[in-house]
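Please look through the model before reading on.

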Amino acid sequence: MILFLLDFLNHVDFFFSFQNASLRRKWYGAYSLRQIKIRCGYQVNVASKVVDLLEPENSNSNSNGECQRTRRRINNCLLMLPEDCAVKILAFTTPLDVCRFTLVSKSVQSAAESDSVWANFLPSDYQSIISASLTPVPDFLSKKDLFVYLCRNPLLIDGGRKVKENEIGNVILFP
Amino acid sequence: MASTTETKQKKMLILKSADNDEFEIEESVGVQSETIKNLVEDGFTFVPLPNVYTKALIKIIDYLKKHANKTDSNDEEIKTFDKDFVNTTFDDLFELVSAANYLHISCLMNMLCQTIADRIKDKSPEAVRKIFHINCDYTPEEEAKIRKANAQAFEGQFDESLD
């Protein structure tokens with residue numbers, strides 16, 4: 001299975017580099033580098049120099065294709081990031097930020113409403129807190145709805161002697 | 001399997017970037033990436049990375065090498081290195097995040113996501129759109145609806161800067 005996958009990835013790779021293939025051969029000829037193989041040690045410095053050397057050539061002779069590729073890469077920045085990356089980034093912000101970023105675009109909205117983002121804002125033991133609470137909590141389909149509910153409805157816990165408020169929630173009240 | 005044939009000589013791996021550049025690194029450095037580790041366990045020493053471009057790969061190899069030599073004594077040094085590592089443009093950070101995600105390097109992933117999150121906190125949706133190069137795909141009515149539903153999140157002044 002893995003072999004097959006690798007093989008497939010290789011094909012995709014070849015497909016994308018195909019249009020540059022003849023050009024590549026030209027550079028390698030010019031610099032007599034059949035392959036840029038860099039030994040460890042100072043590979044990083046050497047590699048960046050080699051790339052610097054190659055890139056000007058590249059932009060002269062293949063400016064169109066290369067520009068398009070760069071543009072495609074930049075335009076799709078967030079779209080290219082899988083949704084779990086976007087979710088991870090959002091989970092490191094605050095509930096108010098996440099609500100505001102919903103307005104960015106529809107793709108961000110779907111990440112911003114996912115349970116994995118809102119699970120971060122709820123206390124990690126929220127399930128046991130809720131089940132031990134005297135106040136009944138309705139079932140919610142999403143953790144965001146639960147979070148919003150808990151912001152407005154503090155729970156009675158510990159046999160009714162304490163009130164559990166959503167710590168972060170105190171600042172966030174929805175109309 | 002691989003661990004039983006341990007020899008003095010360091011095992012090397014070759015990583016190939018999406019731009020067809022090849023890098024040779026020590027196996028012990030490479031296996032910090034789950035993706036590479038899985039391939040190594042299956043006996044591969046040549047690892048094509050069709051989703052990782054040379055520019056990002058150079059930085060990531062640098063990171064892996066630094067973190068492979070982690071000891072108690074160079075803790076401060078690594079912290080400084082990490083700080084410099086993430087001190088870059090948003091576009092570079094996005095490229096690094098998608099590479100780190102593909103390679104499954106969780107500590108790097110957390111560090112990058114935390115950095116991006118810290119830098120977009122308190123920004124306006126318009127600024128975030130520009131930073132992420134996203135076009136707004138809401139109709140004005142949908143936009144008004146979201147503003148109304150999350151009214152409190154839109155109170156006050158927000159950071160419009162793009163860095």
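## Burial and fold of chain B

Of the 163 residues in chain B, 47% are buried (under 20% relative accessible area; exposed is over 50% and partly exposed lies in between, with a 1.4 Å probe and protein chains only). The model is predicted, so local features need pLDDT of at least 70 and side-chain atom pairs count only at pLDDT 80 or more, while totals for chains, interfaces and linings use all residues. Residues are numbered from 1 along each chain as its sequence is written, and side-chain values use heavy atoms, without hydrogens and water.

Chain B has eight helices and three strands (DSSP runs of H or I with at least four residues, and of E with at least two, numbered from the N terminus). Their order along the sequence is β-β-α-α-β-α-α-α-α-α-α.

Over all chains, the whole structure holds 10 salt bridges (a side-chain nitrogen of Lys or Arg within 4 Å of a carboxyl oxygen of Asp or Glu). One of them joins B:Glu77 and B:Lys66, with 2.9 Å between the closest N and O atoms. B:Glu77 lies in helix H4 (residues 75-86) and B:Lys66 in helix H3 (residues 54-68), so the pair ties together parts 11 residues apart in sequence. B:Glu77 is partly exposed at 44%, and B:Lys66 is partly exposed at 26%.

## A bridge with a buried lysine

B:Lys123 and B:Asp159 form a salt bridge at 3.1 Å, N to O. B:Lys123 sits in the loop between helices H6 (106-120) and H7 (125-132), and B:Asp159 in the segment after helix H8 (140-149), so parts 36 residues apart in sequence are tied together. B:Lys123 is buried, with 1% relative accessible area, whereas B:Asp159 is partly exposed at 32%.

Conventions
Chains lettered and ligands numbered in written order.
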